[in-house]
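Please look over the sequence and the model before reading on.

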Amino acid sequence: AMYAATGLDVWTMMNQAAASVGAVNLGQGYMSFPPKDFIKRAAQEALADGVQHQYAPPRGRPRLLDEVAARFSGLLGRPIDPASEISVHAGANEALLSAFCAFLEPGKGQEAVLIEPAFDQYTPNVAMAGGTPVYVPLRVRTSKDPAREVISSDDWKLDPAELEAAITSKTRILVLNTPHNPVGKVFTRAELEEIGAIATRHNLLVIADEVYEHLTYGAEHVSIATLPGMWERTITVGSAGKLLGVTGWRVGWAVGPRELIQPTLAAHTRIVFTANTPLQEGVASALSAARDNGFVAVQRAEYQARRNRLMAIFDDVGLPYVAPDGAYYILANAGAVRIPDDYEFPPFIEERGRNFKLAYYFTKEFGVSGIPPAEFYSPAHKDIAGDYIRFAFCKTDEGLDECAQRLQKLK
Ligand code: GLN
């Protein structure tokens, strides 16, 4: 019943608004370009096989477990045991839900701390697991005026004192997303050390959503699980959709010590039983090929070029923004856009307030659609979304060039 009450999700809402006016869709973070041929071929070969069409083991197909273990042994700097320290999920989203279900006990008022802006699935997923979300927002620390000047994603800071003040005797989990959606912030080692110390002091499980770990633009991605004493209390979540540019395949994983993965796997088994078999094989083959052909580095350079292209477009039309150190989103500040007083909004936009109106108006009037980051905030903190609109740059050059044309109206 709680889902009926929440109404339309922001992705469907903004996709529909974009389609209704033929807008260039920089909203939902899916790739508007096809995967590389070797990735498509990996899936085709898996489907052509006669036997890979039945249930996979709930933990995942052995070849995929081996590939994820190889990648994460490198990323986390320790040998990962594929038989006990990984579970494969129906997307990173289901890995998160499984972890919440495994470690939050319903009816006890147990809390999970979410850092805002917080990806919109965290709140309902914590609630579905019977937990209570508690929110600590990133604060924009800058002497500059974000309505006028380009700032860095690193200007968004978590105040450790504010985090610690939000923790109670009922807090069980801290969710950490780095590189961060939608800010693009890549938490520094020093920041992670402070967060890790707080998690340790209060004996919290850290769920590290690191689905954009491969997309950083100069900043160093640090997995919090690599800090001293943190492996034991961290579940690191990753995504084949993000890593290979195939968000529709719905394959993701959780990596951590046996004691944390076993309950996560048990929850997963009762939620979806297993992730789909042929695409697990496809991901395994693609990851194996990617180790030989340097795909991840090539892809990072391509995304960096897309990021720079969109930032140059915003620079050209005088739209200030938050320059991202990672992931594939840019928060642009549309505070200078004036909405006529008599402009009519549909009720589902009107009731969601200023930030939604701005994103909707921008879609309709400029033909470029983004996501209102207010959706990533709890009611008490929605104002921090300000006049930002989130634009995704996992899009074709042609699409971005079309944006450049349409945004000339801003000049
Ligand atoms: N992670 C993607 C984004 O933030 C897609 C989210 C979704 O569609 N649930 O755009």
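## Domains

Which domains does the domain assignment of the chain give? The model, which is predicted, is assigned domain 1, made up of residues 2–35 + 296–410, and domain 2, covering residues 39–293. The C-alpha centres of domain 1 and domain 2 are 24 Å apart.

## Contact between the domains

Domain 1 contributes 34 residues that are in contact with 40 residues of domain 2. On the side of domain 1 that touches domain 2, two or more residues come from each of helix H12 (295–317), strand S12 (321–323) and strand S13 (329–333). H12 provides the largest share of that side, with five residues. Sorted by class, the side of domain 1 that touches domain 2 consists of 22 nonpolar, six polar and six charged residues.

## Helix H3

Helix H3 spans residues 37–48, twelve residues in total. Its first and last C-alpha atoms are 16 Å apart, close to the 16 Å expected at 1.5 Å a residue.

Which residues of H3 are buried? They are Ile39, Ala42, Ala43 and Ala46. Viewed down the axis of H3, these buried residues fall within an arc of 90°, and therefore line one face of the helix. They pack against helix H9 (240–244) and helix H11 (277–293). The face of H3 turned away from the buried side carries the exposed residues Asp37, Gln44 and Ala48.

## Ligand surroundings

Trp11, Gln28, Gly29 and Asn181 surround the ligand. This shell contains one nonpolar residue, three polar residues and no charged residues.

Key: Residues numbered from 1 in each chain as written. Predicted model: local features only at pLDDT ≥ 70, side-chain atom pairs only at ≥ 80, totals over all residues. Helix = DSSP H or I, 4+ residues; strand = E, 2+ residues; numbered from the N terminus. Expected span 1.5 Å × (residues − 1). Buried ≥ 20, exposed ≤ 12 C-beta atoms within 10 Å, placed from the backbone. Arc of directions from axis to C-beta. Contact = placed C-beta atoms within 7 Å. Near = placed C-beta within 6 Å. Nonpolar A, V, L, I, M, F, W, Y, C, P; charged D, E, K, R; others polar. Domains from an automatic or database assignment.
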